[in-house]
Amino acid sequence: MPALFSRPVDAVTEQTFPERVLRSQRPVLVQFWATWCRPCRMVTPHVEQLAAERSPGLDVVKADLDEEPGLAMELGITSVPAFVVFSGGRPVGSWVGAAPKKALERKLDSILQATK
């Protein structure tokens, strides 16, 4: 897919997480990843495409497991890639593992539909 249809996903830290995720007025998809994680690197283009395509109604951010271990520990993240969907400042769904874009969209849509 052309670069026009993707965009880099902002990184969050323990310090920026409350503002970017917990106080967001929109649902937020958080991707936990690590530089050494090959499946994380494989799924990143799909996450970037989702960020671009869903930007009107969804925020997408990422957190490096090694750089933000406290955040990962607080949310119970033990494997990567891991995804947590937040809505109204609380986690409403999650999954672990890389998947094709369509599968990521189905998981995300299922979680978001359940929150309505």
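1. Asp10 and Arg20 form a salt bridge through their side chains, with an N to O distance of 3.3 Å. The two partners belong to distant parts of the chain: Asp10 is in strand 1 (residues 10-11) and Arg20 is in helix 1 (residues 17-22), ten residues apart. Asp10 is partly exposed, its relative accessible area being 42%. Arg20 is likewise assigned to the partly exposed class, with 29%. The model under review is a predicted one.

2. A second pair to examine is that of Arg54 and Asp109, whose side chains meet in a salt bridge at 2.7 Å, N to O. Arg54 sits in the loop between helix 2 (38-53) and strand 3 (59-64), while Asp109 is part of helix 4 (residues 101-114), so the bridge ties together parts that are 55 residues apart in sequence. Asp109 has a relative accessibility of 33% and therefore counts as partly exposed.

3. Helix 4 also holds a pair within its own length. The side chains of Glu105 and Lys101 meet in a salt bridge with an N to O distance of 3.7 Å. Because these residues are four apart in helix 4, about one helical turn separates Glu105 from Lys101. Are the two partners buried or exposed? Glu105 is buried, at 13% relative accessible area, and Lys101 is buried as well, at 16%; the cut-off for this class is under 20%.

4. The pair in point 3 is part of a wider arrangement. A network of salt bridges links Glu53, Lys101, Lys102 and Glu105. In general terms, side chains of opposite charge can pair when their charged atoms come close. How many salt bridges does the count give? The count comes to seven.

5. On the charges as a whole, the chain carries 14 positive and 13 negative charges.

6. The chain contains four helices and five strands. Starting at the N terminus, the order of the elements is β-α-β-α-β-α-β-β-α.

7. The overall dimensions can be checked against a simple expectation. For 116 residues, a compact globule would have a radius of gyration near 13 Å, and the chain agrees with this because its own value is 13 Å. The C-alpha trace spans about 35 × 35 × 20 Å along the principal axes of the chain.

8. Of the 116 residues in the chain, 44% are buried. Contacts between residues at least 6 apart in sequence were also considered: 72% of them join residues at least 24 apart. The chain has an accessible surface of about 6,400 Å², and carbon and sulfur atoms account for 54% of that surface.

9. Pro56 is exposed, having a relative accessible area of 68%. What distance separates the C-alpha atoms of Pro56 and Leu29? The separation is 13 Å, for two residues that are 27 residues apart along the chain.

Conventions: Residues are numbered from 1 along each chain as its sequence is written. This is a predicted model: local features need pLDDT of at least 70, side-chain atom pairs count only at pLDDT 80 or more; totals for chains, interfaces and linings use all residues. Side-chain values use heavy atoms; hydrogens and water are left out. Helices (H or I, at least four residues) and strands (E, at least two) are DSSP runs, numbered from the N terminus. The radius of gyration is taken over C-alpha atoms; the globule rule is 2.2 Å times the number of residues to the power 0.38. Buried means under 20% relative accessible area, exposed over 50%, partly exposed in between (1.4 Å probe, protein chains only). Contact means heavy atoms within 4.5 Å. Accessible areas come from the Shrake-Rupley method with a 1.4 Å probe; for residues, only the protein chains shown count as cover. Lys and Arg count as positive and Asp and Glu as negative; His and the chain ends are not counted. The place of a charge is taken as NZ of Lys, CZ of Arg, CG of Asp or CD of Glu. A salt bridge is a side-chain nitrogen of Lys or Arg within 4 Å of a carboxyl oxygen of Asp or Glu.
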